Amino acid sequence: MPPRAEEPRRDPSGSRRGSSRATGGRGEPRTGEPGVQGISDARAYTPRGRTVREERQAAGRPTAGGAEQRRTPRGARAGGDPFRPALQVLDGGRAARREPVPAARAAVVRTVPTRARPDDDDAPRPPRRRPPGRGPRRPTRPAAGRSPRKPRKPPRLADPRRRLRLGTLLVLVLFAAIGIRLVFLQAVDTPAYAGGGLANRLTRVDLPAPRGAIYDRTGAPLANSVEARYVFADPTQVKDRTETARALSPLLGRPASELAERMKPRTLENGKSSQFEYLARGVDIPTAKKIVALDLYGIGVHRDERREVPGGDLAANLIGFTSQDMVGLEGLEARYDDLLRGENGRRVYEAGQGKLDAPIPGGYSSTTPAKPGSSLQLTIERDLQFKAQQVLKTQVAKAQGSVGVAIVLDVPTGEVLAQASHPTYNAAKPQESEPTDREDAATSFVVDPGSIHKAITFGAALQEGVVTPDTALPIPDTIVKGDTTFRDTHPANGQRMSLPGMLAYSSNVGTIEIADKLGPDRLIDYQKRFGLGQPTGEGIPGEASGRLLPVQSWSGSSYGSVPIGHSVDATPLQMAAAYAAIANNGTYVQPHLIKEVISGRDGSRTPGKAPVTRSVLSPANAAALRTMLEAVTTVDGATGLAAAVPGYRVAGKTGTGIRYVDGKQQPGEVGSFIGMAPADNPRFVVAVFVWSPGGGGGAVAAPAFRDIMGFTLSRNRVPPSGAPAPKFEVFPR
């Protein structure tokens with residue numbers, strides 16, 4: 001709607017104000033025309049909305065020009081415009097305070113209407129209605145009596161640039177604080193925070209050390225370890241025990257019921273559920289791959305080690321066996337377990353969880369390399385060991401014996417070339433054998449050696465000068481010592497008998513008479529020199545020491561029984577070592593099994609512990625004794641004719657002893673034969689013992705010696721003896 005044209009306003013005298021004529025058509029006063037001062041005053045408004053003239057009239061002051069005009073504010077006709085501002089005089093003064101301006105100085109005064117702002121304190125406010133019941137309004141105080149108020153200064157606007165700078169500064173301070181904190185977390189506090197949960201992130205993987213092997217003297221493996229796998233179950237993850245057991249049974253070779261029982265959930269002592277149960281150990285790698293391909297819930301496969309014994313029962317009583325955890329339990333496996341086992345390594349690293357179960361790049365990682373176990377190279381020769389076991393088994397079966405021993409010693413070095421026991425067992429399956437089958441009879445079989453002990457008595461007598469190789473003594477048929485009568489199986493009827501004849505016919509009476517000349521103290525001394533009464537230290541664990549009867553414990557019969565090998569406890573190995581001393585020109589060499597130790601780290605070889613040696617007989621007396629022992633295998637009617645080896649001179653002695661177990665004498669007898677060949681320059685000593693509850697051990701011991709010694713000589717290419725054995729006279733005149 002177009003604005004309404006403003007009508008000319010009249011003052012109280014009836015004259016018009018504000019017409020275009022007065023202003024020259026543009027609202028500007030014309031210079032020199034009357035009424036300019038009046039118009040100027042009329043247009044000057046006070047803060048209360050009145051003209052200056054009206055304000056003066058209200059104050060009782062004369063108006064300029066003497067005329068009183070009243071000007072109606074604009075917008076009054078419009079019904080009180082709320083936006084009509086209160087005008088103020090341009091010079092800043094209030095109309096009531098203004099002095100009349102002289103006419104000479106009053107030129108042109110222009111007023112500019114100022115619109116009131118909503119927040120202006122000088123803007124007109126609508127009159128407040130007085131609530132009903134109130135008294136009359138207090139009369140308005142004249143404007144002239146009011147104290148003028150100072151105009152309020154307009155609010156000072158904020159500088160946006162300052163706020164921007166302040167905000168930027170605050171943001172920079174915030175980022176700087178965060179950066180410093182991150183530096184502390186990453187550089188200073190990292191060990192503390194990272195270490196707090198490190199234990200939960202660590203994964204430990206054992207790096208098993210391969211167990212060392214056991215080789216024979218030629219380097220052929222007697223026992224070695226091969227890589228295998230073990231199969232385990234996590235009972236908390238197995239979904240169907242029955243079906244899982246049925247799937248694994250044909251692969252593992254175990255009943256499904258047994259496997260299902262192992263997969264049954266169990267609670268450990270700490271109250272937690274078991275998450276690991278072995279199902280099988282030492283599983284072949286191809287079989288393990290088939291199990292992995294089944295992808296069974298809760299079934300896992302991991303690296304393992306299995307001990308293999310290529311020969312089965314070959315030297316099993318010597319080697320022994322290990323547990324499934326590769327811990328030696330018997331034999332050399334137990335004796336040298338620390339050396340064979342080595343030291344396991346370990347890898348510890350940080351890993352994620354769940355599907356991120358893998359090493360964390362840059363995380364904690366530590367690896368301790370495994371130290372492989374060292375290997376043992378024995379003095380045993382595999383082929384000779386096999387032959388000894390085969391011959392022993394055959395001969396023992398003839399006598400229906402229960403225990404047999406065969407030992408082969410290298411004379412100059414004391415090395416054990418073969419050490420067979422019967423019965424034996426398969427070292428790869430020790431659980432299928434009896435404990436008695438696994439004993440090494442050569443070191444645990446304690447017997448009264450019997451007549452093979454006579455060589456010690458004769459050697460001591462020669463060394464002490466009691467007799468000479470040419471000595472001959474009248475030998476009665478019997479001799480009494482204490483309450484016991486001793487007699488010979490080949491009576492001499494009081495004839496003079498030579499020392500070779502006494503050995504050939506195994507004369508008890510002749511040996512006792514020589515021992516009487518020697519005396520018990522010197523006899524015991526030589527027993528100890530020959531190695532009786534103490535373990536040989538060969539290397540087998542649990543070796544028996546035997547027992548010598550002290551002189552103060554001798555009874556009357558002991559003077560007769562001890563010289564002929566009774567009331568003396570010895571092992572087959574001890575007696576074989578004693579004969580090896582005779583064969584070695586009177587020097588005792590400790591029998592031993594360990595030839596070299598092969599390092600598992602660099603393969604370096606270290607010789608085994610040097611054997612203990614000592615002189616027992618002079619070379620001349622040892623040679624004389626060897627010659628006399630040849631009569632046992634050459635004289636007509638001698639006890640050891642069955643031990644003769646064609647083409648070789650053999651010196652040895654037969655024996656019949658008694659076995660005691662826990663101090664109780666066992667039924668039957670222990671037949672034995674120990675000999676050396678070639679007798680003129682001995683290279684090997686072979687000892688054979690056979691215990692037969694029904695008797696007849698002597699009948700099989702000598703033939704077994706012959707077969708084993710013959711094989712040993714031919715395998716080592718020992719040439720036959722160049723000269724025949726001497727002729728012996730049993731009853732010299």
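**Figure 1. Leu417, a buried residue in strand S14.** In this predicted model, Leu417 has a relative accessibility of 3%, so it counts as buried. You'll find Leu417 in strand S14. Who does it touch, once neighbours within four places in sequence are set aside? The list for Leu417 reads Arg217, Thr379, Ile380, Glu381, Leu384, Val408, Asp410 and Phe684. Take Ile380 from that list: Leu417 and Ile380 are 37 residues apart in sequence, yet their C-alpha atoms are 4.3 Å apart in space.

Figure 2. Is Leu409 buried or exposed? Its relative accessible area is 2%, so Leu409 is buried. Pick out Ala580 here: it is 171 residues from Leu409 along the chain, and the two C-alpha atoms are separated by 7.4 Å.

**Figure 3. Helix H15 packing with helix H21.** Two packed helices are described by the angle between their axes and the distance between the axes. Here, H15 (residues 454-463) and H21 (residues 619-629) pack at about 140°, and their axes are 10 Å apart. The two helices are therefore oblique to each other. H15 passes H21 in a right-handed crossing. On the H15 side, the meeting residues are Ala455, Phe458, Gly459, Leu462 and Gln463; on the H21 side, they are Asn621, Leu625, Met628 and Leu629. Sort the residues of this contact by type and you get six nonpolar, three polar and no charged.

**Figure 4. The buried residues of helix H21.** Stay with H21 and ask which of its residues are buried. They are Asn621, Ala622, Ala624, Leu625, Arg626, Met628 and Leu629. What do these buried residues pack against? H15 is one of the partners, and the others are helices H16 (499-504), H20 (572-583) and H22 (631-634), plus strands S24 (651-661) and S26 (669-677).

**Figure 5. Phe276 and Tyr278, an edge-to-face pair.** A pair of aromatic rings is described by the distance of the centres and the angle of the planes. A search of the whole structure turns up eight aromatic pairs. In this one, the rings of Phe276 and Tyr278 are 4.9 Å centre to centre, with 80° between the planes. Phe276 is partly exposed, at 35% relative accessibility. Tyr278 is partly exposed too, with a relative accessible area of 33%. Both belong to one aromatic cluster, along with Tyr230 and Phe232.

**Figure 6. Phe321 and Tyr425, an edge-to-face pair between separate parts of the chain.** The ring centres of Phe321 and Tyr425 are 6.2 Å apart and their planes are at 85°, so this pair is edge-to-face. Phe321 is in strand S8 (residues 321-322), while Tyr425 is in the loop between strand S14 (416-422) and helix H14 (441-444), so the pair ties together parts that are 104 residues apart in sequence. Phe321 is buried, with a relative accessible area of 9%, and Tyr425 is buried as well, at 4%.

Key
Residues numbered from 1 in each chain as written. Predicted model: local features only at pLDDT ≥ 70, side-chain atom pairs only at ≥ 80, totals over all residues. Heavy atoms only, no water. Axes fitted to C-alpha atoms, helices over the stretch in contact; angles between N-to-C directions. Helix = DSSP H or I, 4+ residues; strand = E, 2+ residues; numbered from the N terminus. Parallel < 35°, antiparallel > 145°, perpendicular 65-115°, else oblique. Left-handed = near helix turned anticlockwise from the far one by under 90°. Contact = heavy atoms within 4.5 Å. Nonpolar A, V, L, I, M, F, W, Y, C, P; charged D, E, K, R; others polar. Buried < 20%, exposed > 50% of the residue type's maximum accessible area, 1.4 Å probe, protein only. Phe/Tyr/Trp six-rings, centres within 6.5 Å; stacked < 30°, edge-to-face > 60°.
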